[in-house]
Amino acid sequence: MSTLSTVARKSDGAFPFASELTAVASIAALGVLGYLLFPDDLAFLTRLIGITLLVLSLDLVTGYCGIATLGHAALFGVSTYAVGNACLGGLRDPVALLGVGIVAGAIMGIVSGALITRFRGLPQLVISIALGQLVAALANKLSSVTGGSDGLSGITPTPVLGLFHFDMYSRTAFVFSLVVLGIVFVLLLRFVRSPFGLLCQGIRDDDLRAQMIGAVIYPRLIIMYAVSGAVAGVGGALNAMTAGVVGLDSVSFERSAEVLVMLVLGGAGNLWGALFGGIIFQIFEHIVSATNPFHWMTLVGLLLIGIVLFVPRGISHGVAVLWSKVVTRGGQA
Amino acid sequence: MTDLLELNKVSRAFGGLRVNQDISFKLAAGDRVALIGPNGAGKTTLVNVISGGLPPTGGTLCLEGDDITRLGIPDRVRRGLVRTFQVTRLFATLTAAENVALAVMQRKGITRRFFSAATSAPEVREEWEKLLGTLGIAHLARITVSQLAYGQQRLLELAIGLALNPKVLLLDEPAAGVPHDEAPKILEAIERLPADIAVLMIEHDMDLVFRFAKRVLVLANGRLIFEGTPQAVTSDPEVRRAYLGSYADARRPA
């Protein structure tokens, strides 16, 4: 973290929007790279973006506030169902549906935050699991709203901005998702460096100290949960719109666990870590499961063990350490 | 002089163990008071009760005439009752500048801003630069706290305390564990604290107590047994007994 922060903060005074521009350029480059690597599988990349937004959302509460949760898919899932229902109910404009997802996610975020941040440590983790399971059970039982185990299908949004139809090759879905991801990522980069974001990191480091500078902690964490829910809601809305179906997998425990793994893989407490953790894990999973359908889980397990052994604080931290070594060596030469 | 902080028969018990009993004293603006006492006398508990970490089981606390007995930690901090910790408690993954900036921003109520860069806002930057400069650690501004030496962390702890514009500052063993060559820096920093604030310092090091305090409070077995000048404290028979008693206890085999 230390080396990472010094690296990240060197760019502080250099140029006012340097990090934002870097982010936009990087996400555009990743999009082009993705398109070149998987030209026939844009639907996969589109789904990847939705889940990556959930990893970013999780990073806000777990990485930046130190909240342990294994129920984060609830935020994602509730917004997918909200968007699915809104679309089937006649609200079919993609941007309006994004709004529905954001509101649903934020409300679910406030509800979960109000409950989960009351606790610390293991009880907190257990509450988060219980909440996730509760939402999953409701999604299964309330079949009039959720379609039960069949899910919701036939979600067909109108063209984006009235111009771009969602085509069967997922071109529109992919570009739309990529643009939304870029916007969300840039906004979040500013958000985590704001006074509020910094205070959340302070609470994560030592909540008694945070109180001793006069901060009331509970409402802060709920606000952060609401923002996290909104981001998860963006992911959920994209997922519902671009897949056209909503199913129980979007609220499953596996989804919650998987995004936590992606976050740890990339490096919690760093938005770039969440971004790359999400991308790398899902691409690895995609390639390996296609080439070796029998042993792909074993290989994913090996990747994780390797990461934890060699870069225990995540890929982003490992890269930052490497980078600072390169920089110092360059400086000495 | 006006009384800033007033303790009126404050008690704190843990079950049947009465750690603080009927403690009453006042702190006025400009006071420099040392709180001493043998190990286990209840000094840190008293600081926790004053700062709001522990509710008292009896008695009242007043800050500038207002009853603050039922207020939580953040409310007391906002009213100017600030403490430092015996073992440093800092935001370990943040830089020194960010630690102080957070305190400044919290005091100014701008941690509700969601969208501006945190440490570079001019009204914040000016303050943390000045505070780190006063304590002689300006060159460490961009270093992450977990990489700072212990003595530097103690100075930073003081800087955070000062960033909150305290009226009453409680220092819980500010020099404890600081390497010998760095201790003078801490002492200098304490001597240069703003003259109009009241400072209550818990300290074991009697040299430091004599240099710093104009008044000494002695706590033994949870009770305040002495209040007076540093010169009078060493000759007081009850104080001598309390300290000798604790040493005699310490020598007894466990």
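This is a predicted model: local features need pLDDT of at least 70, side-chain atom pairs count only at pLDDT 80 or more; totals for chains, interfaces and linings use all residues.
In what order do the 6 strands of the open sheet with mixed pairing stand in chain B?

Residues are numbered from 1 along each chain as its sequence is written, and chains are lettered from A and ligands numbered from 1 in the order in which they are written.

**Stop 1: chain A as a whole**

Select chain A, which has 15 helices and 0 strands. Helices (H or I, at least four residues) and strands (E, at least two) are DSSP runs, numbered from the N terminus. Its radius of gyration is 20 Å, close to the 20 Å that the globule rule gives for 333 residues, so chain A is as compact as a globular protein of that length. The radius is taken over C-alpha atoms, and the rule is 2.2 Å times the number of residues to the power 0.38. Along the principal axes, the C-alpha atoms of chain A fill a box of roughly 60 × 45 × 45 Å.

Of the 333 residues of chain A, 49% count as buried. A residue is buried if 20 or more other C-beta atoms lie within 10 Å of its own, exposed if 12 or fewer, and partly exposed in between, with C-beta atoms placed from the backbone.

**Stop 2: helices 5 and 6 of chain A**

Select residues 94-116 (helix 5) and 121-141 (helix 6) of chain A; their axes come within 9 Å and cross at roughly 145 degrees. Axes are lines fitted to C-alpha atoms, for helices over the stretch in contact, and angles run from 0 to 180 degrees between N-to-C directions. Show Ser112(A), Leu115(A) and Ile116(A) of helix 5 together with Gln124(A), Ile127(A), Ser128(A) and Leu131(A) of helix 6, which make the contact. Two residues are in contact if their C-beta atoms, placed from the backbone, lie within 7 Å. By class, this contact has 4 nonpolar, 3 polar and no charged residues. Ala, Val, Leu, Ile, Met, Phe, Trp, Tyr, Cys and Pro count as nonpolar, Asp, Glu, Lys and Arg as charged, and the others, Gly among them, as polar.

**Stop 3: where chain A meets chain B**

Display both chains: 26 residues of chain A are in contact with 34 residues of chain B. On the side of chain A that touches chain B, helix 1 (2-10), helix 8 (171-193), helix 9 (195-205) and helix 10 (207-212) each supply at least two residues. Helix 9 of chain A gives the most, with 7 residues. By class, this side of chain A has 11 nonpolar, 8 polar and 7 charged residues.

**Stop 4: the six-stranded sheet of chain B**

The opening question is answered here: the order is 6-7-8-3-9-10. Strand 6 (81-83) and strand 10 (223-228) of chain B stand at the edges, each with a single partner strand, so one side of each is left without a neighbour in the sheet. Neighbouring strands of this sheet are turned by 20 degrees against each other on average, direction ignored.

Next, select strand 3 (residues 32-36) and strand 8 (residues 198-202) of chain B, which pair in the parallel sense over 4 bridges. Two strands pair if DSSP finds at least two bridges between them. The bridge partner of Arg32(B) in strand 8 is Val199(B).

Move to strands 9 and 10 of chain B, which run antiparallel and are joined by 5 bridges. Here Leu217(B) stands opposite Glu227(B) in strand 10. The two strands form a hairpin with 2 residues between them, and Asn221(B) in the turn has a positive phi of about 50 degrees.

**Stop 5: Glu238(B)**

Select Glu238(B), in helix 9 (residues 237-251) of chain B. With 11 C-beta neighbours inside 10 Å, Glu238(B) counts as exposed. Leaving aside neighbours within four places in sequence, Glu238(B) is in contact with Ile225(B) and Phe226(B).

**Stop 6: the four-stranded sheet of chain B**

Finally, show the open antiparallel sheet of 4 strands in the order 2-1-4-5. Strand 1 (residues 3-14) and strand 4 (residues 58-63) of chain B pair over 5 bridges, and Glu6(B) stands opposite Cys62(B) in strand 4. Helix 1 of chain B packs on this sheet, touching strand 1, strand 2 and strand 4.

Most residues other than glycine have a negative phi. Lys9(B), although not a glycine, has a positive phi of about 50 degrees; Lys9(B) lies in strand 1.
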